[in-house]
Amino acid sequence: MMEPKPANPLTRRQLFRGAARMMTMTGLGVAVGALATRGAKGASVWQIDPARCLHCGNCATHCVLEQSAVKCVHAYAVCGYCQLCTGFFAPEPNELTTAAENQLCPTAAIKRTYVEDPYYQYSIDEQLCIGCAKCVEGCNRFGNGSLFLQIRHDRCLNCNECAIARACPGDAFRRVPVEHPYLLKTTSR
Amino acid sequence: MKPEFELFDRRKFFGVVTKAAALFSLAGGTKAGAQDKGTANPFAYDISRFQKTDPKLIAYEEVARWPVPHKDARRLAIGPDNQLYVCAGNYINSLSRAGQRGLELALTGPACCVAVARDGTIFAGQRDHIEVFNPKGARLARWAAPDPKTWLTGLAADDKDVFAADAGKLVVLRYDRAGKITGRIGTKDAERNVPGFIVPSPFLDVIICRDGLLRVNNPGRHRIEAYTLDGDFEGAWGKPSAAIEGFCGCCNPIAVTALADGRMVTCEKGIPRVKIYSVTGEFESVVAGAESFPENAHACNDLNDCVHGGIDAAVDSDGRIYILDIVASDVRVMKRKG
């Protein structure tokens with residue numbers, strides 16, 4: 001017995017067109033939805049908990065952006081303004097100057113400014129910072145821990161599945177309310 | 001005739017491709033995930049070369065090890081009869097040279113530092129005041145806090161004076177034996193050429209040396225400074241470096257004591273190590289290197305504050321060096337080799 005044929009059979013071209021249209025509409029819907037909910041109450045963004053961060057270097061290498069959305073930030077209230085800042089200087093500097101060979105940061109993203117004898121202020125140039133946490137490790141190992149990593153939300157794409165969070169060995173990445181997007185340090189460690 | 005190649009129909013082909021892609025992504029994803037968490041850090045802060053001491057530099061060997069009687073050990077001192085006095089928790093305990101427990105003094109708060117004068121009088125420093133005990137442990141006096149920000153971390157006593165290192169106010173206070181403040185040493189003063197103490201974490205120490213001068217660690221400047229009892233700055237030595245001859249980190253040395261011949265024994269945190277320098281500051285040898293204090297070294301790797309790490313040392317009349325490991329909560333007795 002022969003199967004009945006539909007009155008207007010769908011051609012392959014029609015099928016593909018329909019599918020493409022549907023996919024486009026779905027994509028647009030998702031994008032509009034994401035934009036709408038990002039600023040809405042109850043929405044969340046990724047952030048690093050400084051208390052769990054292990055300064056492993058993955059933030060510099062695993063972000064989907066070419067230059068990571070993670071940057072070093074500085075809690076000035078916690079900083080000791082040390083002459084020998086172990087976040088700024090290599091472990092065995094020739095002398096305590098800003099010469100490149102004495103610096104720890106691979107991109108020279110920390111600026112050292114004289115305050116008064118023997119205090120110096122250290123500030124981060126975020127354009128240069130790659131979020132490698134080398135300075136964070138130095139500061140935490142020997143100092144007050146005033147340098148720490150945070151996701152900068154002007155750069156972060158807020159991916160549904162953050163590539164750095166997947167690779168984070170300390171599980172330091174967590175979702176925080178969009179109204180409080182940073183986890184800042186106010187006291188030493 | 002049977003065809004040479006059997007052609008897939010479209011449904012079968014898509015099915016096979018989808019399955020293969022799913023399997024590939026699952027396998028690849030898991031592998032990548034595992035690799036991500038275990039990959040060596042290209043930006044590692046590597047100080048491993050400083051955590052192992054050249055055996056040729058180690059001049060002392062451990063001959064005994066005793067647990068500290070209470071938790072939260074902080075400092076130790078030697079009395080005139082070679083009794084060891086250990087601050088731990090709210091107590092000061094004396095230990096004999098064999099490690100036997102003797103006197104126990106209960107304080108009203110955490111014991112921060114201790115000194116014992118030649119006549120046996122015990123001066124116990126709490127954060128904001130000093131308590132005075134006779135050699136049998138009876139409380140004689142309480143010297144009140146000179147300033148709300150006072151944080152006493154070191155004490156030294158001779159027949160006439162008691163010197164108290166105040167890490168909170170960046171000064172060494174000179175008391176007479178009646179408890180009256182008679183001098184302030186080390187406050188920054190350009191006219192007297194006094195550089196001022198830099199103390200990022202609460203570790204300021206003071207000792208009275210046989211040459212009649214005080215020695216005070218200045219951790220933020222990575223050096224030991226010499227002062228007269230009246231507060232004149234006489235000189236300083238020390239250089240910042242993680243290498244063995246220098247003082248590592250942001251703020252070291254954290255404690256100082258002296259051998260009978262005037263050579264200095266210094267203690268560091270971060271890379272915990274005890275070293276000996278000549279009177280003029282030339283590095284001589286290592287008493288115990290970072291490998292001797294694995295838990296202490298780990299204290300600064302963890303997310304704890306390095307303030308909770310640290311070591312202290314005291315020297316008896318035979319030149320034996322007693323090291324207090326604050327983290328391991330034990331006292332190591334070190335004797336010179338050979």
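**Briefing: the A–B interface, a covered helix and antiparallel strands**

Chain B puts 29 residues in contact with 31 residues of chain A. The model is predicted.

**Interface, chain B side**
- The most comes from α1(B), with 3 residues.
- By class, this side of chain B has 16 nonpolar, 9 polar and 4 charged residues.

**Helix α3 of chain A**
- Helix α3(A) spans residues 134–142 and is mostly covered, with 9 of its 9 residues buried.
- The buried residues include the charged K134(A), E137(A) and R141(A).
- C135(A), V136(A), G138(A), C139(A), N140(A) and F142(A) are buried as well.

- Strands β3(A), residues 110–116, and β4(A), residues 119–124, run antiparallel and are joined by 6 bridges.
- I110(A) has I124(A) of β4(A) as its bridge partner.

**Sheet in chain B**
- Four strands of chain B form an open sheet in the order β2-β3-β4-β5, with antiparallel pairing.
- β2 (73–78) and β5 (101–106) of chain B are the edge strands, and each pairs on one side only.
- From one strand to the next, the twist averages 20°.
- Within this sheet, β3(B), residues 84–88, pairs with β4(B), residues 91–95, over 5 bridges in the antiparallel sense.
- Opposite A88(B) stands Y91(B) of β4(B).
- Strands of a sheet pair through backbone hydrogen bonds.

Note on methods: Residues numbered from 1 in each chain as written. Chains lettered and ligands numbered in written order. Predicted model: local features only at pLDDT ≥ 70, side-chain atom pairs only at ≥ 80, totals over all residues. Contact = placed C-beta atoms within 7 Å. Helix = DSSP H or I, 4+ residues; strand = E, 2+ residues; numbered from the N terminus. Buried ≥ 20, exposed ≤ 12 C-beta atoms within 10 Å, placed from the backbone. Pairing = 2+ DSSP bridges. Axes fitted to C-alpha atoms, helices over the stretch in contact; angles between N-to-C directions.
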